[in-house]
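Welcome, and please take a moment to look over the model below before reading on. The notes that follow walk through it piece by piece.

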Amino acid sequence: MSSFPAVSFQQISQILELTDQLDLSREAVEIPLSPESPGVVHRLANGKIEIVVDADLPFDEWLPTVTPKVQALMTEDLSS
């Protein structure tokens, strides 16, 4: 069961701060309001990066995993 019912505005802001630091446009990111198990960071068919908060991990433990996953997607884009 989820440790929180929905992704909060504060949590979305923290995720966007990370993507801002990576110079990723906020328009290139989608963050669903419902956490899932497991959480994922992946490219959508429309080219945007979807960041789904993990429902099973505490947010503060999950958040540091986002940056390397987004960086990996950005690196894949450069090598394509």
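## A guided look at the model

Aspartate 23 has its place in the loop between α1 and β1. The names of such elements come from DSSP runs, numbered from the N terminus: helices are H or I runs of at least four residues, and strands are E runs of at least two. This is a predicted model, in which local features need pLDDT of at least 70 and side-chain atom pairs count only at pLDDT 80 or more, while totals for chains, interfaces and linings use all residues. Residues are numbered from 1 along each chain as its sequence is written, and side-chain values use heavy atoms, with hydrogens and water left out.

**Two backbone details**

Aspartate 23 is not a glycine, yet it has a positive phi of about 55 degrees. Aspartate 23 is also exposed, with a relative accessible area of 72%. Here, buried means under 20% relative accessible area, exposed means over 50%, and partly exposed lies in between (1.4 Å probe, protein chains only). For background, most residues other than glycine have a negative phi, and most peptide bonds are trans.

**The sheet**

In what order do the three strands of the open sheet stand? The order is β1-β3-β2, with mixed pairing. β1 (29-30) and β2 (40-43) are at the edges with a single partner strand each, so each has one side left without a neighbour in the sheet. Strands count as paired if DSSP finds at least two bridges between them.

β2 and strand β3 (residues 49-52) run antiparallel and are joined by four bridges. Across this pairing, valine 40 stands opposite valine 52 in β3, and histidine 42 stands opposite glutamate 50 in β3. The hairpin of β2 and β3 has five residues between the strands, and there glycine 47 takes a positive phi near 95 degrees.

Helix α3 (residues 66-79) lies across β2 and β3 and runs at about 15 degrees to β2. For such angles, axes are lines fitted to C-alpha atoms, for helices over the stretch in contact, and the angles run from 0 to 180 degrees between N-to-C directions.

**The nonpolar core**

Which residues have the most contacts inside the largest nonpolar core? They are Ile15, Ile51, Trp62 and Val70, in a core of 19 residues. The elements that give two or more residues to this core are α1, β3, α2 and α3, and α1 gives the most, with four residues. A nonpolar core is a set of buried Ala, Val, Leu, Ile, Met, Phe, Trp, Tyr and Cys residues joined through side-chain atoms within 4.5 Å.

Not counting residues up to four places away in sequence, isoleucine 51 touches a list of residues that includes Ile15, Val40, Trp62 and Val70. Contact here means heavy atoms within 4.5 Å.

Leucine 16 belongs to helix α1 (residues 9-21) and is buried, with a relative accessible area of 15%. Its contacts, leaving aside neighbours within four places in sequence, are with Arg26, Val29 and Ile31.

**An aromatic pair**

A search of the whole structure finds one aromatic pair. Phenylalanine 59 and tryptophan 62 form this tilted pair, at 5.6 Å centre to centre and with 45 degrees between the planes. Rings of Phe, Tyr and Trp (its six-membered ring) pair if their centres lie within 6.5 Å; planes under 30 degrees apart count as stacked, over 60 as edge-to-face and the rest as tilted. Phenylalanine 59 and tryptophan 62 are three residues apart in helix α2 (residues 59-62), and therefore about one helical turn separates them. Both phenylalanine 59 and tryptophan 62 are buried.

**Salt bridges**

The whole structure holds two salt bridges, each a side-chain nitrogen of Lys or Arg within 4 Å of a carboxyl oxygen of Asp or Glu.

| Side chains | N to O distance |
|---|---|
| Arginine 26 and aspartate 20 | 2.6 Å |
| Glutamate 30 and lysine 48 | 3.8 Å |

The pair of glutamate 30, in strand β1, and lysine 48, in the loop between β2 and β3, links distant parts of the chain, 18 residues apart. Glutamate 30 is partly exposed at 29% relative accessibility, and lysine 48 is partly exposed at 29%. Arginine 26 is partly exposed, with a relative accessible area of 46%, and aspartate 20 is partly exposed at 32%.
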